[in-house]
Amino acid sequence: MRDIDLTEGAIGSHFKALAVPAALGMLFSTLYNVVDVYFAGQISTQAQAGLAIGFQAFFVMMSVGFGLGAAMSALVANARGQKDDDAARRLASQGISFGVVAVFLLMLGAAFAGPYVIAVVSEAGAYRDAATTYFYWLILALPGFLLAYGANGILQAHGDTVSMQRALMVAFVANIALNPLLIYGIPGVTPPLGLSGIALATVISQTGVMIWILRQVMARRIMTGFRLSWLKPDLPTYREIAEQLLPTTTALMVMFVSGFVVQFALKGFGAEAIAAYGVALRVEQILLLPVLGMTGALLPIAAQNYGAEQFDRVREALVMCAKLGFVMTFAAFPILWFASPFVIALFNDDPEVVRIGVSYLRVDGFLFPIYMMLFAINSFLQALKRPIWTLWISVYRQGFGVAFFIWVYVGVLGMSVWGVWIGIATAVTTGWLIALLVAKRVADQKIGGLRA
């Protein structure tokens with residue numbers, strides 16, 4: 001059972017122990033989604049566009065799960081850094097309880113609001129119908145996603161990123177088998193479900209991930225002697241969790257809403273543009289995985305050391321994360337620039353889809369180092385219990401910035417789909433400059449500056 005004290009030992013060793021399994025887990029999570037995109041493309045371009053929109057709508061709700069995971073990672077890691085097992089136990093138990101309540105409320109809200117959200121970013125017809133049906137099926141996967149990622153934050157606080165990695169590897173393999181079985185059916189046994197089969201495969205596999213992760217949490221030392229009474233809502237602890245969760249969750253919601261803004265801008269260029277964007281995002285996610293693993297590992301490392309008041313180690317972790325991140329992002333550039341036509345064509349060989357997808361990835365190549373620095377700053381702010389700043393940065397960059405600059409380039413200057421990509425790039429770059437100023441200010445207040 002992995003249970004690492006991140007306040008001792010070499011920072012580099014901790015990054016290796018946490019980042020590599022986390023990146024592998026995210027690789028299989030992204031490949032999972034790639035499999036879905038591939039099989040949707042085998043059905044039709046309309047189905048692929050419907051999957052992209054339906055999944056985006058679902059992830060607006062999933063932002064609560066990611067926010068809960070970040071909150072648990074920061075709060076439990078801080079408690080562990082202070083060597084306070086009672087606080088860690090209380091926070092972990094209440095985090096699970098909080099997740100159960102959130103699942104119930106979100107499932108109710110999704111059933112009513114989902115179709116209206118999808119209608120805003122799509123045109124009436126086949127791909128809107130596909131997106132709506134796919135979304136309704138995915139609602140059943142919400143407990144699995146939200147509770148698994150929330151509970152995984154507890155494991156990360158203990159230095160365990162291996163458990164989720166293993167769960168996601170198994171889910172990936174299961175998805176490869178389940179997708180064709182459910183899409184095309186078994187003659188004389190099960191009917192073909194089409195795009196709905198992809199969603200049902202997700203429900204089945206993600207529920208399995210949830211069961212495994214919760215079992216791993218219950219095996220922790222702080223959960224010894226677990227009783228159901230520990231899950232009884234404690235309002236002060238709920239408030240503590242919410243204060244850490246809401247800024248992160250809202251920032252993520254803004255990010256996903258930003259995806260809707262992009263899709264709204266792209267719908268004027270046809271279903272091919274939306275399908276290309278959905279495919280290109282999956283490619284982008286795969287290449288960002290090493291960076292996400294590295295910056296994700298920064299959160300528990302910095303949080304434990306901040307709780308232990310070892311501020312030099314917090315600074316050391318941030319600097320090391322940035323150095324390693326630059327190497328990773330520069331290595332991805334030639335892949336994005338030169339290999340993108342071949343990669344996009346693997347998922348959809350429609351020449352128009354390939355052309356538009358390649359244009360996005362080539363602009364994206366210049367943004368990779370900036371994304372890395374933004375992710376690192378977000379983890380740093382969460383570790384220092386200042387997640388509210390991640391919200392305001394996100395509101396500017398992905399709320400106002402994306403919409404405003406796309407409007408300028410496409411609506412005012414009349415640019416083609418390139419205007420959408422350049423608008424995103426402008427928002428990301430200006431948001432990064434703001435994030436740098438915020439990180440310096442918080443560091444000055446909380447740990448005596450970014451330099452010793």
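How many residues of domain 1 are in contact with domain 2, and how many of domain 2 with domain 1? In this predicted model, 58 residues of domain 1 touch 47 residues of domain 2. The legends below cover the two domains and the interface between them.

**View 1. The two domains of the protein.** Domain 1 covers residues 1-233 and domain 2 covers residues 245-451. Taken over C-alpha atoms, the centres of domain 1 and domain 2 are 20 Å apart.

**View 2. The area buried between domain 1 and domain 2.** The size of an interface is often given as the accessible area lost when the parts come together. Between domain 1 and domain 2 about 4600 Å² is buried, and carbon and sulfur atoms give 71% of this area. Ile-11, Phe-15 and Gln-56 supply 15% of the area that domain 1 buries against domain 2, which is more than any other three residues supply.

**View 3. Polar contacts across the interface.** Eight residue pairs, with both residues at pLDDT 80 or more, are in polar contact between domain 1 and domain 2. The count of salt bridges between domain 1 and domain 2 is zero.

**View 4. The side of domain 1 that touches domain 2.** H2 provides the largest share, with 26 residues. Sorted by class, the side of domain 1 that touches domain 2 holds 36 nonpolar, 18 polar and four charged residues.

Notes
Residues numbered from 1 in each chain as written. Predicted model: local features only at pLDDT ≥ 70, side-chain atom pairs only at ≥ 80, totals over all residues. Heavy atoms only, no water. Domains from an automatic or database assignment. Contact = heavy atoms within 4.5 Å. Buried area = accessible area lost by both parts, 1.4 Å probe. Salt bridge = Lys/Arg side-chain N within 4 Å of Asp/Glu carboxyl O. Polar contact = N/O pair within 3.5 Å; in protein donor to acceptor, adjacent residues only side chain to side chain. Helix = DSSP H or I, 4+ residues; strand = E, 2+ residues; numbered from the N terminus. Nonpolar A, V, L, I, M, F, W, Y, C, P; charged D, E, K, R; others polar.
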